[in-house]
Each structure stands twice: as structure tokens, then as C-alpha cells.
2 protein chains.
Amino acid sequence: MIENLWRGIAIISASEDGFKAGEIVKEKLKRFEIPVVHFKYKDADIETVWRCYDAIIFVMALEGATRIICKYAKSKTKDPAIICIDDKINYVIPLLGGHWGANDIARDLSVILNSTPIITTAAELKGKLSAEKIANILVAKILNPENIVKINAVLLRDEYVCVDGVDINVTFPENIRINSEECNYIVSLRNDKEYKDKIVVWLKPLKISIGVGSKKDVKIDEIRDGIYKVLERLNLKRERIGIIASIREEVKKIADEINVKFRLVNEEEINNFTNPCLTPPSKTLIEVGLKGVAEISALIAGGINSKLILRKIAISRNSTIAVATYEGE
Amino acid sequence: MIENLWRGIAIISASEDGFKAGEIVKEKLKRFEIPVVHFKYKDADIETVWRCYDAIIFVMALEGATRIICKYAKSKTKDPAIICIDDKINYVIPLLGGHWGANDIARDLSVILNSTPIITTAAELKGKLSAEKIANILVAKILNPENIVKINAVLLRDEYVCVDGVDINVTFPENIRINSEECNYIVSLRNDKEYKDKIVVWLKPLKISIGVGSKKDVKIDEIRDGIYKVLERLNLKRERIGIIASIREEVKKIADEINVKFRLVNEEEINNFTNPCLTPPSKTLIEVGLKGVAEISALIAGGINSKLILRKIAISRNSTIAVATYEGE
């Protein structure tokens, strides 16, 4: 589960002991190769963190976490997975999103932290999908949101829903029929199809924009490998790539090879760019006077409505990659 | 700790399994001889429960409890102790009020339920008193609320505070000096004293009104014993009793013996009386057409501003007692 948290995990700690514990959690999470950012509570913009990360780990007492959560929680379908870990890392407690992944995240965490996961949901309550969740997994946009409620009601009752036009390798729960139309309720990626007398949520597959950060010594082979690894992790075919962007001209070579656009970005553009979901810059970046590279490049190339779906990850000592989605033509 | 929850514990369960678990919790709590009421979530007026009980146990998954809590939580000093127990009674999780007793309650509960208490507060964070808490313990009213903040700031820093004029047997933390005036900050029950250059929160001891419910066959000796037991539990001397009230005239005998007023209440008064904090009537009471007896008697006799501090408890098969506070002359 944790390895799918492409938009990253935010750790938020309150006390000094909590900060130390948070650093341990961050270190142990490295093996999952997903982005992890650790904020001190007093410095964190929780409103933004809530919107920008897939999971938040509060390292503090439950009461503190609960009182913070109460300020930001919206609904079961909108909130990120929320986990609480006490300062002594005795317990890993899923607080919100138990049915949407927080339980699995807590179990994964408890193994690497050698602590106890506190699972309080009934065993028979499995994770239930929603139309929004399906769209996220398929990296697609919902074209007719007015039908979301109807499909979600069916999903909640564990009744059959067909997902048609799936072009990726994905495992869904048993009540989801992949690439079938033998259901009354359908989520469809196919714009070439009509379904008579069915309730359909229409999805449009999104294009992805890949941002590449690299030291001056550009290692093209490493970067190419990194891009393919990232595609694999996101379960996406190469055809989904719409554009590659970098501050390094050399990266254009890869874009040419796979026949997608290339966007060269410069330092000025980067430092003028703003987006609340950007990962805070590392010390090294601050020293060289840059707000970021991979994420900003992906978002600049993806255009004004693009959204970060994979926070920057280091693919080698030299290079980082981030991925944003955008609507193609 | 649990035995001090005189205003009672409200259990709130959501699912059918939760209800069964809640009934088990209720049954096991009997040994503490404190009032316990079990509500189904769909029927519960949580706003009122939040205000009227000393502790609330949510029997459900943490996410459900958290989302409910978020609607009602106010602040560390105002909220009751909140505990969450999962439907399988595996865990007893203090959610709010960890420093004010919820941890101790959870430990007590986990022993009787044979489950695991999930304590997430740092060990060094002991329960801290507040002026309001001291007033509650001493069954007194704060006369100058404007000084509460100053005293609470000192209590929060674990600095010395004197509590002067204590007439009950009570154990306070080490930084509280009982019946001393050798502090800069004083909580005083003595209206015969002046403290020069000190910050004082003045308390006025409240009188108590004792309501007695009894079957027709009135057992005076049982009731008398019950009243003395209740005084002991509340840590109060006999002199605090201002009035005794009952639907049974025979109870006047006890009032006469200890030289306090007696108030006879009748069924009509009882059924016309309303107060949001009343314990829901038992089946037996509903059958005989009464909204309640002990609590309503105590509140009628205590007058319009009286407050329930001990929910009705059965002192024998025949009789119940409830206690309310009110301001004497």
C-alpha cells in the first residue's frame, strides 16, 4: 500500500521527542521509495498538506492529533489517510481513511517500525472504491460528475460495477468487472462506445508530464531507466506521456526517442513558479538558489491545470523525477 | 478513577455488534457503582450527552468516533473524557481528556474488559489541575472567574498553588499545598480571610440536595446508609446537605434526624419537570408513568440553578439516590 502513495506522506510532529520519532519514521520509510516530508507542527500549513499529500502521519498523542484533525476533516471521500503514531512509536493508529487504505498503511508502518497497529474497523469492512478513487487509479478525469453519487451508492453496497476500457494492469475488488459491460452501472474510459440504458461515469485518460531534475553531469541512461520505472509504478503505458521537461537540454534526447514533446525550463521560470503542493526545497536546492526542479518542471510543462501525482523522487544520486497530470487534446 | 465519575458514563454504540459490545461494557462497569447509560448513536442527543456526563465511551471504529467528536469537541478544559472501544473490545483508546482522567479511565476499563489500553501521551505528562477542576472536586462555585486564567497558567507550569479552607479528605498533586497560604497564588474556600498581595480565586462551597427514590415499601435504614455512603463517595461532610427530597413522606424522618429541610415532591411535579441532563427513565419507571424520581427530586428541591453531580444510583433493590448542588444562602 505505502508504495502507492505517489503524492507522498507528510509527517507532522509536535514536540521535540515527536520530532526525533518523526525522523526515525522518515528514515524507515525510505525503503518504500516514496516521497516523505517531515514538518514541525508549528511551521506546517496543514490546510495545504491536507490537500497535497496522500497520507499524513501525526507523531504526537492522539488527543493532539484529534484536535488538529477536527479543524481540517471534510468527509470520508475527501480526506487523506490519517495515521497517528505516539512519540515513543509504540502504536500506529489509523484515524481517518481506515477503509481507504489507512489500515494497510498502518500495518506496513508497524512492520518497519516494530510497533503495534491499532486496527479498530470491523474485519468485514473492506476498502470500498468510489468513482473518484477509480478515476485516480486509472489516472483519468471524470467528465460527468453528476453521475458519481449513483455509482458510489452501488459501490458502497458491494454490487457489481463494470470498468470498461482499462489499459493498465490493476487489481480491483471482486465486485468490479474489468473491461466488461455486463453491469447496470459502468465506469468507462472509452469515448468510442455507447451503453444503452446504463448509468455511466465517463472518464478521460489524462496525459502525464514528466519533470526531470539532474546535476550538471547528466546521466541519460539513468534518467531513461528512471522514467520507465516510474511508469511501471504508476501502472501507465508509455503512450500516456505527453511531455518531458527539464532544466537540462540533454534530456531532450529521451523525449525525441519516444516521440513526445520536450520543454526546456530555465531557472527564472522555476523561481517565479508557485504551487501550494510543491515539496519544500532541500538544503542543497536552497544553497543553489532554486525552489525546486523536477516538480516545477513537470507542472510548468503540464500547463496551468496540471496536478502533481508523483512527488519528486531521487532515481539516482544525480537525478530526480516528478510527474504531473494534464488534459491532452 | 472510574468510581469518581459521579455524573456518569454514557456509552454510545453505532452498529449491532457495537451495541452488543456496549452492553458488555455496561454490565462490567456495574462493579464501580457509578451511573452508566447506553445510547444507540442514531437515538442519542450527543450535544446534551457531551454536556451532561463525565465520560463518553464510543463503541465503534476510531474513524467514526473521531468524526463524531469533531462536531462537539470544544477545548481541553471543557470536554468530557472521551474513550473509544472497538466493536471487538480489543482496544480501549483514550481520545480526549488524556491528561484529565481519560488515561486512567481507559486503564481501569481495560482491566475489567481484558483488553489493551492504548496510551499515547508522554509518561511525564501527568494530569494537571485547573481552577475549575479544583472547584469541582471541592463541590464549590468560583466567585471571581476573572482570576481563573492566572491560576491555571501557574498550575500548568506545575508551580505551587495553595488551596485554603479545604474541609474534605482529598489528594492533590505535589504542587498543591492544602490549607496553607504560603503561595503567591491561592484558591480559597474561606470567606473569613484576606490574603495580602496574592492572586486569589475565591470559592463558595455549594450545598447539596439529595433526591431519594423508593418503592412503596420504604426502607429507612437502607436509605440512611445509602446517604452516608454517597457522602463518603463525594468526600463531603454531613453539613453540606441542605435538603433531602422524595416522593415518599417517610424519608422526612432522615431529614429531621440530621436537621435539614425536607421537600416532598409529587408525581405531577415530577412529570412536569424538564432538564436535559436527566438519565433516561428505566422500563419500570416508564411502566408506572414516571419520568424519573431521585434526580428530579434532587433538582426540584435544589431549585432552578441546581446541577446534577451524582446521577441516580441504586443503593438497594428498593431505593435510588441522586445528588444535585445548589447555592445556599
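In the predicted model, B:I258 is located in the loop that connects α8 (252-257) to β14 (261-264) of chain B, with helices (H or I, at least four residues) and strands (E, at least two) taken as DSSP runs numbered from the N terminus. B:I258 has a relative accessibility of 10% and is classed as buried; buried denotes under 20% relative accessible area, exposed over 50%, and partly exposed the range in between (1.4 Å probe, protein chains only). When residues up to four places away in sequence are left aside, B:I258 touches B:Y228, B:R238, B:I241 and B:I244, contact being defined as heavy atoms within 4.5 Å. Between B:I258 and B:I2, which are 256 residues apart along the chain, the C-alpha separation is 30 Å.

Residues are numbered from 1 along each chain as its sequence is written, and chains are lettered from A and ligands numbered from 1 in the order in which they are written. As the model is predicted, local features need pLDDT of at least 70 and side-chain atom pairs count only at pLDDT 80 or more, whereas totals for chains, interfaces and linings use all residues; side-chain values use heavy atoms, with hydrogens and water left out.

At the interface, 29 residues of chain B contact 29 residues of chain A. The two chains, B and A, bury about 2,300 Å² between them, 62% of it on carbon and sulfur atoms; buried area is the accessible area (1.4 Å probe) that two parts lose on being put together, summed over both. Of the area that chain B buries against chain A, 27% is supplied by B:E63, B:R67 and B:T120, more than by any other three residues. Two salt bridges are found across the interface of chain B and chain A, a salt bridge being a side-chain nitrogen of Lys or Arg within 4 Å of a carboxyl oxygen of Asp or Glu. A salt bridge joins the side chains of A:D79 and B:R67 (2.8 Å, N to O). On the side of chain B that touches chain A, α3 and β5 (91-96) of chain B each supply at least two residues, and the largest share, six residues, comes from α3(B).

Over all chains, the whole structure holds 40 salt bridges. In A:E181 and A:K193, the closest N and O atoms of the salt bridge are 2.5 Å apart. A:E181 lies in the loop between β9 (176-178) and β10 (185-188) of chain A, and A:K193 in the loop between β10 and β11 (199-205) of chain A, so the pair ties together parts that are 12 residues apart in sequence. A:E181 is partly exposed at 32% relative accessible area, and A:K193 is partly exposed at 21%. A network of salt bridges links A:D164, A:E181, A:R190, A:D192 and A:K193. In chain B, B:D256 and B:K252 form a salt bridge with a closest N and O distance of 3.2 Å; the two residues are four apart in helix α8 of chain B, separated by about one helical turn.

The ring centres of A:Y195 and A:W202 are 5.6 Å apart and the planes are at 45 degrees, so the pair is tilted.

Technical notes. Rings of Phe, Tyr and Trp (its six-membered ring) pair if their centres lie within 6.5 Å; planes under 30 degrees apart count as stacked, over 60 as edge-to-face and the rest as tilted.
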